[in-house]
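Visitor: I'd like to learn how to read a structure like this one. Could you walk me through it?

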Amino acid sequence: MADFFLKGAVTVLVRGEEAPLFPGRLHQRGVTLKNLQYSRQNEVQFSLCLEDLGKLRQEARHFKGKVRFKERTGLPFLKKRIMRFTPFLLTSICFFILMILLSAMIIRIDIQGADAELERDIRTFLKKEGVREGAIQLHDVNTEEISRRAVQNIPGVVRFLIQKKGVVYVVDVSSEKPPALDTAKTRHVRAAKSGVVHDMFIKYGVAEIRRGDFVEAGDPLIKGTKKKPAAGTVTAETWYKATVTLGGNALKTRNGEKRKHIFFSIGEKEYSLWDPSSLKGPVQTEENRYSFHFFSYQLPFSLRTETDYSLKRAGTVESEAEQEKRVIQAAKAALMAKLPKEAVITGENVLQKRAESGKVKVIIHFQVLENIAIH
Amino acid sequence: MKWMGKMAGLPEDAVGRIPRVVIIGMNKVTVYNAEKLEQFTDQTVRIQLSDALLEIQGKSLEVIELMPSEVVIEGTMTSVCLKEKRSG
């Protein structure tokens with residue numbers, strides 16, 4: 001009977017001459033008994049609901065013999081036993097949480113195939129992306145996206161492969177190899193690009209040029225001897241042209257309203273934990289996936305959140321000047337990523353700007369100061 | 001009570017507190033509307049019904065359930081005996 005489990009029951013051992021009559025007396029009082037057993041001479045054992053304990057006590061008063069409780073079963077006793085184990089249970093839960101957190105932590109980042117300088121660059125880049133040693137990352141890192149951005153943003157990187165191996169990220173990089181040095185050719189310093197010489201620093205050799213000279217790519221800049229090749233830097237003003245096409249669609253911004261949907265998945269099945277009403281109008285959706293690892297094993301449950309941001313048309317229409325500024329800014333950032341670190345952008349001019357079927361096409365001319373000396 | 005049940009076409013044991021004994025095989029006896037469990041040992045179980053006395057003999061008898069209106073007995077039965085209640 002369910003009552004016996006829910007309300008708790010005791011097994012009673014009755015010993016005495018009148019023991020065989022004892023259950024009958026209890027029965028007459030309307031007590032429900034279970035599992036009556038006659039175990040030995042004048043010894044009867046039965047279980048009884050906790051509720052009827054008072055009646056048992058009344059009966060036991062008239063009884064000549066011994067009444068003893070043998071065993072306690074049921075929910076109330078189970079609860080007590082669990083309470084006694086609370087510290088142990090709490091500790092094990094804490095252990096699991098700690099283990100999951102530690103498993104989500106990035107312990108080490110291994111970078112292969114990069115020299116010291118490139119490695120430093122890569123580490124700073126990864127730090128910006130949120131991948132650093134000691135970071136706890138529950139959400140899955142989009143490695144493809146990082147790889148793509150790394151190739152764009154880190155100068156000199158041709159191939160970027162990032163892989164998660166448990167708590168270690170392994171980054172495999174290939175960088176552009178510097179052109180092979182040929183001793184016969186390295187006697188003179190030549191221009192890598194055409195430009196106007198702005199400044200020069202000659203370590204060794206004879207300068208072929210003066211400030212303000214226009215040089216073309218391949219022109220000799222500093223002459224050296226066979227014994228002692230020329231060395232130095234020549235800073236020249238060079239030019240870059242960038243063509244930017246801006247989408248004609250109106251600028252949209254988030255208006256601050258958002259709805260977060262939370263999904264919980266066990267194995268293949270996905271359940272929605274929190275499902276607010278969807279927003280009206282255009283939305284921008286961001287998706288985040290959180291998975292839990294125990295050591296390197298992925299636990300079979302994960303969380304996924306989808307945040308919808310409501311979009312609104314930017315209230316003010318961009319003026320032409322503002323638009324131009326934005327285009328220049330974007331083009332400048334793209335160019336900076338391509339140029340070596342020492343290069344400085346000194347000026348920019350919009351060469352051409354035209355609207356074509358709702359899109360704006362802008363050609364910008366940049367003046368850059370950079371070292372053009374190569375061997 | 002009895003005639004009412006007859007009029008309605010009900011079986012006799014469906015009306016009132018008339019004791020009913022169900023024997024299932026050699027191992028199980030269920031007694032409904034028992035009045036009192038008079039004596040209980042592993043060899044003899046005596047149950048008092050309203051106008052009779054039921055005596056079950058066997059080996060290692062056990063009362064599985066003893067509820068106010070139902071008694072379930074299990075064990076190896078050798079005899080089940082229904083006696084008329086002695087007057088006085």
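Predicted model: local features only at pLDDT ≥ 70, side-chain atom pairs only at ≥ 80, totals over all residues.

Visitor: Is A:Glu43 buried or exposed?

Guide: Buried means under 20% relative accessible area, exposed means over 50%, and partly exposed is in between (1.4 Å probe, protein chains only). A:Glu43 has 5% relative accessibility, so it counts as buried.

Visitor: Which residues does A:Glu43 touch?

Guide: A contact means heavy atoms within 4.5 Å. Skipping neighbours within four places in sequence, A:Glu43 is in contact with A:Leu13, A:Val14, A:Arg15, A:Ala19, A:Gln37 and A:Tyr38. With A:Arg15 there is also a side-chain to side-chain polar contact of 2.8 Å. That term means a pair of N or O atoms within 3.5 Å; within protein, one must be able to donate a hydrogen and the other to accept it, and residues adjacent in sequence count only if both atoms are side-chain atoms.

Visitor: Which side chain does A:Asp199 make a polar contact with?

Guide: The side chain of A:Arg211, at 3.4 Å. A:Asp199 lies in strand S9 of chain A, residues 195-204, and at 36% relative accessibility it counts as partly exposed. Beyond four places in sequence, A:Asp199 touches A:Arg211, A:Thr233, A:Val234 and A:Thr235.

Visitor: Now helices. At what angle do H6 and H7 of chain A cross?

Guide: An axis is a line fitted to C-alpha atoms, for helices over the stretch in contact, and angles run from 0 to 180 degrees between N-to-C directions. Helix H6 (residues 116-129) and helix H7 (residues 143-153) of chain A cross at roughly 135 degrees, and their axes come within 11 Å. Under 35 degrees is roughly parallel, over 145 roughly antiparallel, 65 to 115 roughly perpendicular, and the rest oblique. H6(A) and H7(A) are therefore oblique to each other.

Visitor: Which residues meet there?

Guide: From H6(A) come A:Phe125, A:Leu126 and A:Glu129; from H7(A) come A:Ile146, A:Arg149, A:Ala150 and A:Asn153. By class, that contact has four nonpolar, one polar and two charged residues. Ala, Val, Leu, Ile, Met, Phe, Trp, Tyr, Cys and Pro count as nonpolar, Asp, Glu, Lys and Arg as charged, and the others, Gly among them, as polar.

Visitor: And where is A:Ile122?

Guide: A:Ile122 lies in helix H6 of chain A and is buried, with a relative accessible area of 0%. Its contacts beyond four places in sequence are A:Ile111, A:Ala114, A:Ile154, A:Phe160, A:Val171 and A:Val173. The C-alpha atoms of A:Ile122 and A:Asn153 are 9.7 Å apart, although 31 residues separate them along the chain.

Visitor: What elements does chain B have?

Guide: Chain B has one helix and six strands, in the order α-β-β-β-β-β-β from the N terminus. Of its 88 residues, 35% count as buried.

Visitor: What does B:Thr41 touch?

Guide: Leaving out residues up to four places away in sequence, B:Thr41 touches A:Pro20, A:Tyr38 and B:Leu61. B:Thr41 is in the loop between strands S3 (36-40) and S4 (44-48) of chain B, and at 12% relative accessibility it counts as buried.

Visitor: What is the phi of B:Asn33?

Guide: Most residues other than glycine have a negative phi. B:Asn33 is not a glycine, yet its phi is positive, about 55 degrees. B:Ser60, also not a glycine, has a positive phi of about 40 degrees. B:Asn33 sits in the loop between strands S2 (28-32) and S3 of chain B, while B:Ser60 is in strand S5 (residues 52-67) of chain B.

Key:
Residues numbered from 1 in each chain as written. Chains lettered and ligands numbered in written order. Heavy atoms only, no water. Helix = DSSP H or I, 4+ residues; strand = E, 2+ residues; numbered from the N terminus.
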